Amino acid sequence: MTVANQLEILDLRHFSARQLRPLLEDEARLWKMRLRWNYESSIELLLQYLDSRILPGFVALDRGRVCGFTFCVYEGHKAVVGDVYAVGSDPVHSQQITERLLRHLLELLRHSPDVDRIESQMLLYETGSMSKSFLEEGFSIHPRLFMEFDQPESVPTSPPRTPRILPEYMELSRWTSTSYQPAAELIHAAYANHIDASINDQYRTLHGSLRFLHNIVRFPGCGVFEANSSWVLRDKRIDMLAGMLLCSRVAPDVAHITQLCVAAPYRRHGLGRILMEHCIENLSGDGFSAITLTVTEANALAVKLYESLGFTVHHRFDAMVKDASPTRRDSLGLLG
Ligand SMILES: CC(C)(COP(=O)(O)OP(=O)(O)OC[C@H]1O[C@@H](n2cnc3c(N)ncnc32)[C@H](O)[C@@H]1OP(=O)(O)O)[C@@H](O)C(=O)NCCC(=O)NCCS
């Protein structure tokens, strides 16, 4: 019997957290192995949502046994495909299950008149491996890099670069909750006409940037926020944020940089490098052995900065976007 025949695809809302827990625990093992990421706190949050039976999605059953799931969340007129995961008898089998699940979910979204934008970032999966179902639905694909910096066990033999000196009118300080509003304003401005604003439309508005920050600081989806290892740069002359770096803990000894940006007028003066070097030095003092981050491959300047600091590409994955929002349709000449 083919996989297609023996699989049943059912509405996620029929399933309890208890029924899905083994699958999620299996996925958590993969996150740890592939990305050094402790996914357990994200899973506990997801299980709470699953038990409230509100998440749109699907479960795959193989002869009555739960073998895969996918879900999305709605943010206004946008849907974000949150996850897809399957366990099969072999990788080809798992791939077939995830493709079936994604096809169901994307078809559901295609028939949801209120949804005019869909985003997804499949961090766990190698580039190309999940793209088939998305390409069939007309998505654009943006390759992204998962980069890692490992703290050297001994003092490096090559002479260190001369550290950049912070201009005296700049103040570097730790993140506090008073930074929320100015940080959102900085993010919104820093990503104007930026490739990452086509991947994540939260960057395009101030409200969206606040929401982005809120998710990073309050929820464990990107690790547990580390206020002590997150930094803001303020131009004292005009009391304005010029740059920021946010960091989360994704495993006991692994940090993840969730945001780095410098306001356009301050770029190319070494501030991005100063933020990164400061962060690396502090995390090393705090016992972190590795730092990870994600960056869009087309963002060549940022990639160059990370490489020059010793980050290496550990893994390539895809971000997927489909946008048919009224402004987008208008710009494509699709509106009457
Ligand atoms: C990426 C970003 C943070 C860099 O900040 P910055 O303060 O301009 O960076 P620096 O001046 O410290 O430059 C550091 C390095 O980046 C590279 N770089 C940055 N801008 C560059 C440019 N215009 N041309 C060539 N190289 C550049 C260089 O390798 C430079 O090395 P150097 O110190 O030997 O000159 C900034 O451009 C930014 O905020 N961009 C928008 C948001 C973004 O893309 N964030 C990263 C998301 S993963």
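At what angle do helix H2 and helix H3 pack, and how far apart are their axes? I found an angle of about 155° between H2 (residues 17-35) and H3 (residues 40-51), with the axes 10 Å apart. The model is predicted, so local features need pLDDT of at least 70 and side-chain atom pairs pLDDT 80 or more, while totals for chains, interfaces and linings use all residues. Residues are numbered from 1 along each chain as its sequence is written.

Axes are lines fitted to C-alpha atoms, for helices over the stretch in contact, and angles run from 0 to 180 degrees between N-to-C directions. Helices are DSSP runs (H or I, at least four residues), as are strands (E, at least two), numbered from the N terminus.

H2 and H3 are therefore roughly antiparallel (over 145 degrees; under 35 is roughly parallel, 65 to 115 roughly perpendicular, the rest oblique). I noted the contacts: Ala-17, Leu-20, Arg-21, Leu-24 and Ala-28 of H2 meet Glu-40, Ile-43, Leu-46, Leu-47, Leu-50 and Asp-51 of H3 (C-beta atoms, placed from the backbone, within 7 Å).

Next I looked up H6 (residues 180-190) and H8 (residues 206-218), whose axes come within 8 Å and cross at roughly 120°. That makes H6 oblique to H8.

Last, I checked the ligand. Of the 20 residues around the ligand, I listed Cys-261, Arg-267, Gly-272, Arg-273 and Leu-305 as nearest (near: C-beta atom, placed from the backbone, within 6 Å). H10 gives the largest share of this shell, five residues.

Conventions. Contact = placed C-beta atoms within 7 Å.
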